[in-house]
Amino acid sequence: MLASTQNNIIHFGVVGHGHIGKRHAHLIQQNQHCKLLGICDNNPNQLIDIQKDISTFDTLEKLIFSKPEIDIISIATPNGLHAEHAIFALENKKHVVIEKPMALSSLECDNIINAAEKHNKKIFCVMQNRFSPTAQWLKQTIENKHLGEIYQVIVQCYWNRDHRYYTPNHWHGTKHLDGGVLFTQFSHFIDMIYWLFGDLSLTYSAQHNFNHHSITEFPDSGMFNFSFQKNGKGTFIYSTSLFQENFESSITIIGEKGTVKVGGQYMNEISYCNIENHPKPVLPESPAPNNYGAYQGSAANHSFVFQEVINTLLENKPIFTTASDGKKVVEIIESANLNSSY
């Protein structure tokens with residue numbers, strides 16, 4: 001039961017006020033059915049210039065105990081803290097929105113899910129790339145069998161992350177808080193192939209560190225092969241060692257009745273479409289990506305995530321990006337890391 005169902009307002013708190021946390025806070029404030037009551041961050045510099053009617057705190061405990069009327073906590077802290085913060089919020093009878101990745105292990109995901117079930121609360125995993133017009137079209141195309149049997153899938157994710165991103169004494173680049181590039185940079189695209197094709201069986205994985213030896217505790221590049229559905233085969237290739245700037249994140253699908261390539265930095269553009277009796281569609285443009293600097297950003301579909309919270313908590317609609325989906329993504333990454341020859 002929400003504290004504020006009578007006036008159709010959901011009360012939010014945000015933990016973590018970096019780039020993504022600021023985005024969460026902004027979108028909460030922009031939605032007429034949401035009210036932001038408080039923000040917490042252990043770095044006081046991240047709490048400067050927050051408007052006076054929003055309370056600020058240096059711990060999640062203080063936020064929750066000082067604002068008992070909060071219905072849901074939006075978690076935008078470093079990856080390695082997601083499980084700790086989600087479980088604490090759930091145990092204190094709050095729903096949670098969890099940024100990607102859901103956690104850094106499937107065991108942590110299970111612990112989050114168990115806490116939600118115990119306290120009858122809901123988990124919303126941030127998988128905003130699913131909401132783009134291109135992703136929605138691709139999902140419908142596959143589900144409607146327009147491509148026929150899917151033979152092969154090739155995913156290529158080529159980004160830049162260098163010393164500008166991996167600054168000293170920051171959580172980026174650490175195993176215990178960052179987790180690696182599949183968790184931090186490319187989990188959205190792993191979610192995409194799981195969402196499109198269902199369970200994956202990884203058959204081979206390899207990783208390498210080309211130019212991040214002195215600034216990260218994990219490899220910057222790799223690939224894995226996978227099988228899916230009846231006979232489908234796939235390859236996922238990724239790297240953050242590109243020179244100067246991001247290049248692309250693309251998926252090529254080769255099917256019985258057609259071939260499709262979706263590209264752009266966030267798989268948000270139809271680069272090629274040749275499908276029997278189905279011309280290339282004209283789709284609404286995706287929103288301009290969030291810009292966090294010259295070399296990094298994210299797809300700007302977070303507003304759909306918060307609309308999903310509203311649809312579920314106020315209208316009792318089913319959750320589109322479920323906790324089990326969040327856990328599946330983590331399991332795929334675990335398998336890629338565990339079976340790697342790195």
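These notebook entries record what I looked up in the structure.

**Basis**

I worked from a predicted model, in which local features need pLDDT of at least 70, side-chain atom pairs count only at pLDDT 80 or more, and totals for chains, interfaces and linings use all residues. Residues are numbered from 1 along each chain as its sequence is written, and side-chain values use heavy atoms, with hydrogens and water left out.

**Nonpolar cores**

I began with the nonpolar cores, each being a set of buried Ala, Val, Leu, Ile, Met, Phe, Trp, Tyr and Cys residues joined through side-chain atoms within 4.5 Å. For burial I used relative accessible area: buried is under 20%, exposed is over 50%, and partly exposed is in between (1.4 Å probe, protein chains only). The largest core holds 76 residues, and the members that touch the most others are Ile112, Ile123, Phe197, Phe236 and Ile251. Helix H7 (residues 187–197) supplies the largest share of this core, 8 residues. Helices (H or I, at least four residues) and strands (E, at least two) are DSSP runs, numbered from the N terminus. I also noted a second, separate core of 22 residues, with Ile10, Ala25, Phe124 and Leu313 among them. In soluble globular proteins, nonpolar side chains tend to be buried together.

Which residues does Ile112 touch, not counting residues up to four places away in sequence? I found Ala83, Ala86, Ile87, Leu90, Ile98, Met102, Ala103 and Ile123; contact here means heavy atoms within 4.5 Å.

**Salt bridges**

I searched the whole structure for salt bridges and recorded 9. The criterion is a side-chain nitrogen of Lys or Arg within 4 Å of a carboxyl oxygen of Asp or Glu.

Asp191 and Arg130 form one of these, with the closest N and O atoms 2.8 Å apart. Asp191 belongs to helix H7 and Arg130 to the loop between strand E6 (123–125) and helix H5 (133–143), so this pair ties together parts that are 61 residues apart in sequence. Are Asp191 and Arg130 buried or exposed? I noted both Asp191 and Arg130 as buried.

Asp199 and Lys328 also meet in a salt bridge (2.9 Å, N to O). Asp199 lies in the loop between H7 and strand E8 (200–208), while Lys328 lies in helix H9 (residues 323–338); the pair therefore ties together parts that are 129 residues apart in sequence. Asp199 is partly exposed at 49% relative accessibility, and Lys328 is partly exposed at 26%. Salt bridges with shared partners join Asp110, Lys327 and Glu331 into one network.

Asp58 is partly exposed at 39%, as is Lys62 at 44%.

**Aromatic rings**

I then searched for aromatic pairs and recorded 16 in the whole structure. Rings of Phe, Tyr and Trp (its six-membered ring) pair if their centres lie within 6.5 Å; planes under 30 degrees apart count as stacked, over 60 as edge-to-face and the rest as tilted.

Phe186 and Tyr238 make a tilted pair, 6.0 Å centre to centre with 55° between the planes. Phe186 is in the loop between helix H6 (181–184) and H7, and Tyr238 is in strand E10 (residues 232–239), so the pair ties together parts that are 52 residues apart in sequence. Phe186 is buried at 0% and Tyr238 is buried at 2%.

Phe197 and Phe228 are likewise a tilted pair, at 4.9 Å centre to centre and 40° between the planes. Phe197 in helix H7 and Phe228 in strand E9 (residues 221–228) are 31 residues apart. Phe197 is buried at 4%, and Phe228 is buried at 2%. Ring pairs link a cluster that includes Trp159, Phe186, Phe197, Phe228, Tyr238 and Tyr266.

**Charges over rings**

I counted a charge as over a ring if NZ of Lys or CZ of Arg is within 6 Å of the ring centre and within 35 degrees of the ring normal. Arg130 lies over the face of Phe320, 5.6 Å from the ring centre. Arg161 lies over the face of Tyr165, 5.1 Å from the ring centre.

**Backbone**

I noted a cis peptide bond from Lys100 to Pro101, with omega near -15°. Pro101 sits in the loop between strand E5 (95–98) and helix H4 (106–119).

Asp49, a residue other than glycine, has a positive phi near 70°. Asp49 lies in the loop between strand E2 (34–40) and strand E3 (55–57) and is exposed at 77%.
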